[in-house]
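New notebook page, new structure. I'm jotting down what I look up as I go.

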Amino acid sequence: MDVMYEKPVLAEDGIAPKASVSTDDLGPKGLLPMDPETEKKVVWKCDLHVMPMISLLYMLAFVDRINIGNARIQGLEKDLNMKGNNYNIALFVFFIPYILFEVPSNIILRKVTPSTWLSFIMFCWGIVTTCMGLTKSYAGLVVCRFLLGFFEAGFVPGCIYLISMYYKRYELQWRVNLFFCASILSGAFGGLLAYALANMSGIGGYGGWRWIFIIEGLVTVVVACLAKFFVVDWPETSKFLNHDEREILLRRLREDVAEARMDLLDKKATRRVFSDWKIYVGTIMYFGVVNTGYSTSFFTPTILQQLGWTAIRAQVYSIPIYITSAVITLFTAFCTDRLRHRYTFTIIGVCIATIGYAILLAQKTVPVGARYMAVYFITVGGYITQPVTLAWLSNTMGGHYKRSISSALQIGLGNCGGIVASNIYITTQAPTYPVGFGVSLGLLWLCAAACTVFVIGLRMENKKRDRGERDDRYALPKEELENLGDDHPSFRYGY
């Protein structure tokens with residue numbers, strides 16, 4: 001949440017002073033205490049301007065990413081003469097550019113206004129999605145999936161980065177989960193839309209699956225053009241806040257992270273970022289759980305169809321799964337921010353999803369209703385844990401550049417879980433998918449193990465700082481001390 005701050009709100013500037021101000025009224029560094037009601041109004045204004053538009057964009061992004069799952073059961077494989085594991089390969093190629101381009105994209109985002117960069121890459125992937133509905137061959141589909149991954153790569157880490165610059169550490173989880181609910185609801189929305197678009201089969205000589213891509217891609221293009229005017233930019237240049245409101249926002253963010261700033265990406269700062277163990281453990285946390293997120297998105301319609309249901313019924317019955325997950329995800333966010341605690345909730349999500357995987361691994365001995373309920377457990381559990389891992393790592397990062405790079409690395413490298421999800425549901429093992437469910441279960445507990453290492457490491461580091469074992473950093477040159485990020489000895493980690 002640290003940004004390139006302007007001057008602080010002093011007693012005579014930004015907030016109207018009292019008629020008579022004594023030194024007793026002043027807080028640290030001669031600052032007047034902020035009025036809680038004014039502060040709430042500023043936060044509410046941020047909520048109204050920051051969250052709605054990027055959440056809508058994320059919903060469309062995720063629909064464009066996972067609509068291949070709905071297209072599959074509407075005849076995609078048959079029309080493109082796909083055989084064997086061709087579908088898995090089409091899923092897999094998306095993640096190659098998606099993983100490689102996330103860090104460069106966030107570095108570009110730091111130098112370009114978010115409204116320009118995010119709307120540009122969205123416009124591009126909307127065009128690509130539309131082309132997926134027009135392709136005449138499997139090779140064309142693979143090329144489109146590759147380009148889709150290239151243009152979507154910077155969107156999620158860019159949005160997480162942008163959100164984290166507007167809110168305090170223990171306000172962040174609620175907003176991240178609101179953002180993630182867009183992806184969850186896209187599962188319901190995508191299924192409902194696919195159900196409607198499937199009825200367009202035959203129009204213009206196109207099958208229903210083609211219209212899924214064409215219509216959803218065109219909608220994305222139109223929204224991207226509008227997004228340029230509605231996506232917010234960085235707090236220090238935000239146009240929806242007046243001067244006084246902007247000063248209040250910047251001050252409250254600065255006070256939340258104390259001296260943990262990193263506004264200059266020099267050699268020493270770069271070394272600190274890429275040698276930070278927290279980023280890599282956080283990436284493992286995300287890698288372990290994101291596999292479940294992609295598995296449910298790509299294969300839920302297929303799994304439900306293989307329960308003996310028609311394609312249309314499978315799509316409709318997937319809708320309540322995602323709605324339930326969204327509600328529980330928001331409840332989790334409220335609890336984690338209110339309690340200022342992350343770790344326990346990640347483990348709760350893993351345990352719930354484990355129940356679902358256990359049922360599906362033994363599905364030959366359980367009725368259809370129980371298997372349907374298992375999908376609920378997996379989806380709900382995964383979406384309890386996944387957004388918490390993102391906000392938790394962001395909470396431990398101090399400084400503009402460090403938060404930018406860490407979010408991109410976590411999401412970029414962590415999305416290797418999507419590569420795994422693309423290849424473990426082997427067509428010849430349908431409908432039981434023992435490898436798919438078994439590997440996903442194992443990765444969930446890898447996530448749990450990484451979360452445990454993370455919380456232990458953070459507690460140990462806080463104790464070292466409490467004992468003054470990092471105070472030697474105060475002797476560093478002033479310019480380096482002011483660019484340490486969360487390595488600054490005054491910073492404390494949350495868990």
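Entry 1, helix α5. I started with α5 and listed its buried residues: Tyr138, Gly140, Leu141, Val142, Cys144, Arg145, Leu148, Gly149, Phe151 and Glu152. A reminder to myself: this is a predicted model. I then checked the length of α5, which runs over residues 138-152. At 1.5 Å a residue its 15 residues should span 21 Å, and the end C-alpha atoms are 21 Å apart, so the two agree.

How many residues of α15 are buried? I found 14 of the 15, so the helix is largely enclosed by the rest of the structure.

I stepped back and looked up the secondary structure: 18 helices and zero strands. Of the 495 residues, 60% count as buried. I put the accessible surface at about 18900 Å², with 67% of it belonging to carbon and sulfur atoms. For contacts I took residues at least 6 apart in sequence, and 82% of those contacts join residues at least 24 apart.

Most residues other than glycine have a negative phi, and I went looking for exceptions. Asparagine 81 turned up with phi near 55 degrees, a positive value in a residue that isn't glycine. It sits in the loop between α1 and α2, the latter being residues 86-100. Is asparagine 81 buried or exposed? Its relative accessibility is 61%, and the cut-off for exposed is over 50%, so asparagine 81 counts as exposed.

Arginine 340 went on the page too: its phi is near 55 degrees, again positive in a residue other than glycine. I placed arginine 340 in the loop between α12 (311-339) and α13 (343-361). At 55% relative accessibility, arginine 340 counts as exposed.

Terms used
Residues numbered from 1 in each chain as written. Predicted model: local features only at pLDDT ≥ 70, side-chain atom pairs only at ≥ 80, totals over all residues. Heavy atoms only, no water. Buried < 20%, exposed > 50% of the residue type's maximum accessible area, 1.4 Å probe, protein only. Helix = DSSP H or I, 4+ residues; strand = E, 2+ residues; numbered from the N terminus. Contact = heavy atoms within 4.5 Å. Areas by Shrake-Rupley, 256 points an atom, 1.4 Å probe, with all protein chains shown as cover. Expected span 1.5 Å × (residues − 1).
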